[in-house]
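Biologist: I am new to this one. Could you put it up on the screen and take my questions as they come?

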4 protein chains.
Amino acid sequence: MKRIGILTSGGDGPGMNAAIRAAVRTATVRDVSVVGYMDGYTGLITGEFQELFDRSVGNVIQRGGTILGTSRCPEFLDAGVRFMAVQQMRRDGVEGLVIIGGDGSFRGALAIEAEHGVPIAGVPVTIDNDVWGTEETIGFDTAVNTAVIAIDHVRDTSEATGMMFFVEVMGRTSGAIALHTAVAAGAAGVLVPEAHEQVEELVERLKRSIERGKRSHIIVVAEGDEAGGAFAVAQKVGTIMNHPYRVVVLGHTQRGGAPTARDRIIAGVSGALAARALIEGRSGIMIGIQRGQAVEVALKDVVTNSHPSPDTSLLSLAQELAG
Amino acid sequence: MKRIGILTSGGDGPGMNAAIRAAVRTATVRDVSVVGYMDGYTGLITGEFQELFDRSVGNVIQRGGTILGTSRCPEFLDAGVRFMAVQQMRRDGVEGLVIIGGDGSFRGALAIEAEHGVPIAGVPVTIDNDVWGTEETIGFDTAVNTAVIAIDHVRDTSEATGMMFFVEVMGRTSGAIALHTAVAAGAAGVLVPEAHEQVEELVERLKRSIERGKRSHIIVVAEGDEAGGAFAVAQKVGTIMNHPYRVVVLGHTQRGGAPTARDRIIAGVSGALAARALIEGRSGIMIGIQRGQAVEVALKDVVTNSHPSPDTSLLSLAQELAG
Amino acid sequence: MKRIGILTSGGDGPGMNAAIRAAVRTATVRDVSVVGYMDGYTGLITGEFQELFDRSVGNVIQRGGTILGTSRCPEFLDAGVRFMAVQQMRRDGVEGLVIIGGDGSFRGALAIEAEHGVPIAGVPVTIDNDVWGTEETIGFDTAVNTAVIAIDHVRDTSEATGMMFFVEVMGRTSGAIALHTAVAAGAAGVLVPEAHEQVEELVERLKRSIERGKRSHIIVVAEGDEAGGAFAVAQKVGTIMNHPYRVVVLGHTQRGGAPTARDRIIAGVSGALAARALIEGRSGIMIGIQRGQAVEVALKDVVTNSHPSPDTSLLSLAQELAG
Amino acid sequence: MKRIGILTSGGDGPGMNAAIRAAVRTATVRDVSVVGYMDGYTGLITGEFQELFDRSVGNVIQRGGTILGTSRCPEFLDAGVRFMAVQQMRRDGVEGLVIIGGDGSFRGALAIEAEHGVPIAGVPVTIDNDVWGTEETIGFDTAVNTAVIAIDHVRDTSEATGMMFFVEVMGRTSGAIALHTAVAAGAAGVLVPEAHEQVEELVERLKRSIERGKRSHIIVVAEGDEAGGAFAVAQKVGTIMNHPYRVVVLGHTQRGGAPTARDRIIAGVSGALAARALIEGRSGIMIGIQRGQAVEVALKDVVTNSHPSPDTSLLSLAQELAG
């Protein structure tokens, strides 16, 4: 393999640039040239790319977002469009692809592997930690830390005023961010899609805490919780308890920012191993973390299995420690 | 004066603890004892207080919120309640009060000075920077920095995806946070209560930027902007432009957190000067910053004048630099 | 068991307070009362302690350091002193101890277990990640992130000026902080006690990078590297290369600060499990992380085995990605 | 004026990029083209520059360092070299220069103005806040905040262990960083070149604090303090007191990092006004902050006057509040 392509696809996440950097340098040191397609599969379709040299990825390891741009690209669901894209890619001399993104992105990659034999290797980056085959997606650690720091701010006001705060974090289908955030932030409660507690239990616990003199009350609500978003939950709880409250929706602040050390390390390892796998002739794999080790996982398993629920023992721990 | 009281009132702001610390130590070094009333004027009414020694305010300079608690206390609008509170205060041997809060808090203070001759000195803490008589309230610098850091995160995603982001910051009646945040965050536009631009102009500027290849587009909206909140503005602009966008409401994350160096310094200077003024026999004053210097300002002027609009030359600067 | 004691010992690390909080609340919810001995084993000797209630550990999860104080206590090496301490402890009604610290602290704990049958459970907190039986000590993740953020600052100046920076991180006998920091910070080189590269190789790599136009050059040096501290290494490399350089010693800034989300979570889980083990009648154990799961490890194995070297595959990765 | 040049010179400081961005966009909106000389005066000599468009300065407002590179350039002290540089500049069609740096950089600028009539405008960026004619140089606020955050970390350990910490901050000839840092960090003492206190007084104060039960002891030492660096002071104090201590030298971590909101705003205003002054035909000026307002100052006054000492009332305040 003399030339590979890299693209970032789907929602951006902190660590994408660290993964790009690692893949580029792993390739160049093996005399494989690299192009970066712009804006995910869109660049593959339009043929918009830039050559990536060692220096192209200098001073980017610490940056959130992605220097290649990203997009969701519904056009790529069309087999005809994929055919054209692969033609384009071959004209560019590109022999394999490193795909950096979530499992939606991996479906597109598998399609061109199956249809056209394009070698592909995936690196899972998404703040939601909802990709099968890896214990921890790149971006998750940063997103949780961002949420925890935001709640540290909010706790100051909760402690100062006694008001309850309902904080909505990202995670439409996964409560992973919510659970980890709740434990790390010392939350009084957490509502997640997978195993949310009854509002009644939460109310009882909050009442007991207030009786015992607790001042700050943080309730973490995952975006996708079936009890409704943070506003609905807050109104329900606030009305029952007749206790002042506020709602904070952290939203997109969780998606950007400089990646944590951990995300940079996992991204570096994963980007390097993905490029190495391609160059050594393997395809259809994703680099996942299992039992703390980076391993190659079959991409077809990644897209056909759903991510296991997050560790709900954290849920009971958060409740027991809420005080 | 042998004994003074301190209380924090209204919305909490970063720097309240630094101001308490400074007032306490300024008093104790002059052999004046200090009590801290809990939860603002509520503690004055209920007589709930704690003695504050040098060690009581150790290791608090860096903390957001207030170790004394705070509240809005509508009962204090009642003259009879104020009379009772002053009786209580005198039984506690407290001869004067340092009031830390916004201009609402200062009204209550002036009332008990006028009615009962209680010596009072104010320290302006509010993130909104909307107090007459001072160029910069304590907490403002921290709130602006918190907003700017949050937008740095959001910009990563805007740059990665090309989506526009409408970011709502605090400031119900004042655009100070919005204006400073917009300039510091390199925003493409800012809408504030005092001098918001027309949505049409904003749309034109955004279109030109996109044509020139700009990827990240941040529009800062003050909570109190008359064009409506960030959601309304976003929908209007997004519909006209047919360009994808997201809304982020920073909310209470701006109110807490460790104060910046600047807020700690202004709080330290102001808390010290307020206590000193009381002890030296002056009353009815607030410590303000004017032309960069700490000065004593008459509290009755503070509550009768409205804060001048923030520097709207920053508005045209932000627009010109938006690129 | 009706009453347990908690102490923090040795060097402080971020997460100690989160571990104390978790142990206290795990106990109180089981109707076991808790005392906190002050300043590590010193408090056990002098009998200085405080009762710890649910509210005693409110609002501490986010704080670095330890609310109980810590010390290195050489007196505790004396069997007679230990005997007196246990007598004291029994007079206080304390039936078991949660020891939060590094392996030095666990030796003292094992001694009083062996000599006097005192039930003990350990929680490993040290920024150095050098405790046998756990993949990750509490405090390590925070320390690495602190170092990486500091280097992000330094890289700005290296990139702006082209000067090389030699950054010394903590780790007298372990290169774990250095290795992880180097990969996460995109360092051009890393020198660690376990497997440092030859200065000559480093010089060759730096020369190649400079030829290829690289501007920023960060070399991470572990405190205990046998090539000497950062100053010695820097002088050697700087002299050979005749290239301007600066040295930065991060020192104690790495030890404090708010713990990361990850450290808070591991601390919460570990503190809870340690208290639970004691209460359920187990002793002589430490809560470790193995293959990503919290498990009970025999403390006598912890103190007799030495920690495995950190993953030096990270070393070659850092070198290959240095660009 | 149809074309101007920009360069950054001397030590880098946070806010340089925000100033470059402002100057570029202020020029382009007035149809003046801009080139950026690389590495300060070095680029002016070698003719190495890049065209700067609106998009060249996108996404840089938040970055420390300087995208143009910087250097100290002793060659520029030579009048012959300056002559050559100006020739080069004129061949490039550049009619005036925005110089971003400290007062050393302004001397070079004044020389080419005097010798060759080159229009120049200065923007003061240096973390040391030691430039005459402005109350606050760009970069200072960021450096102080970086130091304060580092000391917040150190205080955790000081509080946990009772050890004294001597923290050396930057400022070879100016104690401004040290003084502001000390007040904001709640330091027990501060030693600065301008007005350092006697070591004996410091020892007395520390002793009294320890007697009163104070645990954390931070002493801030300016790099240039005549009592010697932090190590010398620490040894002196530690020996007299026989109290354990540690030394931390913050060094270059203070120079980089994302600029604070305040530094970005001052940089934006100053960069814009400097470019505007040039374009409107004024020269030999620097944009300074006086009484909180941006004004034009004569550069020849800047280089002939020395910066007034920092506000040493902060010194006595820090001491009084030390507790």
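Biologist: In what kind of crossing, left-handed or right-handed, does helix 7 of chain B pass helix 8 of chain B?
Modeller: Helix 7 of chain B passes helix 8 of chain B in a right-handed crossing. A crossing is left-handed if the near helix is turned anticlockwise from the far one by less than a right angle, and right-handed if clockwise. Before going on: this is a predicted model, where local features need pLDDT of at least 70, side-chain atom pairs count only at pLDDT 80 or more, and totals for chains, interfaces and linings use all residues. Residues are numbered from 1 along each chain as its sequence is written, while chains are lettered from A and ligands numbered from 1 in the order in which they are written.

Biologist: Which residues make that contact?
Modeller: Helix 7 of chain B gives B:Val199, B:Leu202, B:Val203, B:Leu206 and B:Lys207, and helix 8 of chain B gives B:Val233, B:Lys236, B:Val237, B:Ile240 and B:Met241. Contact here is C-beta atoms, placed from the backbone, within 7 Å. By class there are eight nonpolar, no polar and two charged residues. Ala, Val, Leu, Ile, Met, Phe, Trp, Tyr, Cys and Pro count as nonpolar, Asp, Glu, Lys and Arg as charged, and the others, Gly among them, as polar.

Biologist: And at what angle do the two axes cross?
Modeller: The axes of helix 7 (residues 199-211) and helix 8 (residues 230-241) of chain B come within 10 Å and cross at roughly 50°. That makes helix 7 of chain B oblique to helix 8 of chain B. Under 35 degrees counts as roughly parallel, over 145 as roughly antiparallel, 65 to 115 as roughly perpendicular and the rest as oblique. Axes are lines fitted to C-alpha atoms, for helices over the stretch in contact, with angles from 0 to 180 degrees between N-to-C directions. Helices (H or I, at least four residues) and strands (E, at least two) are DSSP runs, numbered from the N terminus.

Biologist: Switching to chain C, what is the strand order in the open sheet of four?
Modeller: The order is 7-8-6-9, with parallel pairing. Strands count as paired if DSSP finds at least two bridges between them. Strand 7 (189-191) and strand 9 (245-249) of chain C are the edges, each pairing on one side only. On average, neighbouring strands are turned by 20° against each other, direction ignored.

Biologist: How many bridges join strand 6 and strand 8 there?
Modeller: Six bridges, in the parallel sense, join strand 6 (residues 164-169) and strand 8 (residues 217-222) of chain C. C:Glu168 has C:Val221 in strand 8 of chain C as its bridge partner.

Biologist: What lies across that sheet?
Modeller: Helix 8 (residues 230-241) of chain C lies across strand 6, strand 7, strand 8 and strand 9, at about 170° to strand 9 of chain C.

Biologist: Now the chains. How many residues of chain A are in contact with chain C?
Modeller: 41 residues of chain A are in contact with 42 residues of chain C. Helix 9 of chain A gives the largest share of chain A's side, seven residues. That side has 14 nonpolar, 13 polar and 14 charged residues.

Biologist: What rotation superposes chain B on chain D?
Modeller: A rotation of 180° with 0.0 Å of shift along its axis does it (RMSD 0.0 Å). That is the relation of a two-fold axis. Copies are superposed by least squares on the C-alpha atoms of residues with pLDDT of at least 70 in both.

Biologist: Which residue of chain B comes closest to the rotation axis?
Modeller: B:Arg291, at 2.3 Å (C-alpha).

Terms used: Contact = placed C-beta atoms within 7 Å.
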